[in-house]
Amino acid sequence: MAVCVVLKRLLLGLASSVEGVLTNTLVLSFDVLLTLFNLVTPNRPVGRVVKEGNPGHGGKWPQYVPPREGDSRSSCPALNAMANHGLLPHDGKNISFRELNAAIRRVYNFAPSFCFFVPNYIATALGRSYRNDLFDLSDIDAHNCIEHDASLTRVDTYDDPDQGKIASTLVEEVLRSGTGPGGDLTPADLSRLLGKRRVEAKRQNPKFSSAFIHKMFGSSNGSTLLTIFGGRVNDLRPILGEERLPDGWEPRVQHQMGLTMLEFNCTVLPVELGIREEVDGSIARAGRERYATAGAAKKNA
């Protein structure tokens with residue numbers, strides 16, 4: 001009996017791994033095709049990036065209603081904004097992964113490949129079925145699952161486990177850091193901000209962690225500000241500060257099939273590789289400073 005159980009578990013694990021590899025291969029191949037399609041087709045015209053018949057067409061978004069007590073929110077301003085406008089369930093609860101896929105596609109004009117890959121990744125990370133299970137927005141804030149330390153818009157979980165709260169001080173720092181035309185954000189600005197946050201978090205958070213995947217999440221979040229939102233501070237102020245889609249706003253990516261993962265990573269990688277603190281020893285020094293300060297405090301106690 002024990003042998004049968006072991007064999008069954010091994011076979012199920014192998015089947016799951018093979019399925020995951022095949023799925024990702026197909027999605028990435030599809031993404032390349034969508035990227036090529038975007039290159040040879042005209043962009044959607046301004047004012048019609050959100051398709052006619054969908055909420056947000058022409059920049060006309062459903063009414064903004066702030067979250068009520070008991071509503072579920074996450075560390076992601078873009079998802080919270082959808083819930084605040086009723087583009088996802090307003091209470092942020094019992095959302096299907098397929099529903100999330102469709103909503104991201106309609107609202108932000110990410111490519112179909114992107115819109116499947118991210119919810120499927122979340123489902124896998126949470127140990128749930130993409131096809132059958134539901135989630136609350138706060139579920140995605142399981143620490144170091146999707147949520148990560150050194151976020152640009154949230155304090156670390158160590159300081160506040162409720163990652164649905166907007167860290168206004170951090171948001172204001174992002175909004176006043178742009179060096180582009182009109183104070184808009186550039187890739188170099190995001191690299192600088194991310195590096196500063198990683199040093200601060202390493203110095204202040206005794207449980208700070210930042211694996212490669214979490215660094216890439218951070219750079220991906222920052223790159224969304226540059227791509228879908230165009231780095232435009234006037235748009236980002238309500239999105240980051242209130243988690244509200246401003247009147248007249250539409251995605252700045254106008255491609256027919258939306259922003260693909262391939263194109264997106266052409267922004268993500270330069271942002272991540274431009275973080276000076278990752279190579280000049282600043283983050284390691286911040287860690288040593290924290291340990292030295294903690295050791296001195298313990299000795300003097």
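**Close-up views of a predicted model**

Residues are numbered from 1 along each chain as its sequence is written, and side-chain values use heavy atoms, without hydrogens and water.

**View 1. Arg276 and Asp280 meet in a salt bridge.** The N to O distance is 2.6 Å; a salt bridge here is a side-chain nitrogen of Lys or Arg within 4 Å of a carboxyl oxygen of Asp or Glu. Asp280 counts as partly exposed, at 29% relative accessibility.

**View 2. Asp235 and Arg252 form another salt bridge, at 2.5 Å from N to O.** This pair links distant parts of the chain, 17 residues apart: Asp235 sits in helix 8, and Arg252 in the loop between helix 8 and helix 9. Helices are DSSP runs (H or I, at least four residues), numbered from the N terminus. Asp235 is buried at 12% relative accessibility, whereas Arg252 is partly exposed at 26%.

**View 3. Arg197 pairs with Glu200 in a salt bridge.** Their closest N and O atoms are 3.7 Å apart. Both Arg197 and Glu200 are buried. The two are separated by about one helical turn because they lie three residues apart in helix 6 (residues 187-204).

**View 4. Here we look into the largest pocket, with a volume of about 1,100 Å³.** On a 1 Å grid over the protein atoms alone, a pocket is an open set of points where a 1.4 Å probe fits, with protein on both sides within 12 Å along at least five of seven lines. The volume is the space filled by probe spheres set on the points, which are joined across faces, edges and corners. The pocket is lined by 44 residues (those with an atom within 4 Å of a point). Val118, Phe217, Ser220, Asn221 and Thr224 lie nearest its centre. Helix 7 gives the largest share of the lining, 10 residues.

**View 5. Thr224 is found in helix 7.** Thr224 is buried, with a relative accessible area of 16%. Leaving aside neighbours within four places in sequence, Thr224 is in contact (heavy atoms within 4.5 Å) with Phe110, Phe229 and Phe264.

Notes
Predicted model: local features only at pLDDT ≥ 70, side-chain atom pairs only at ≥ 80, totals over all residues. Buried < 20%, exposed > 50% of the residue type's maximum accessible area, 1.4 Å probe, protein only.
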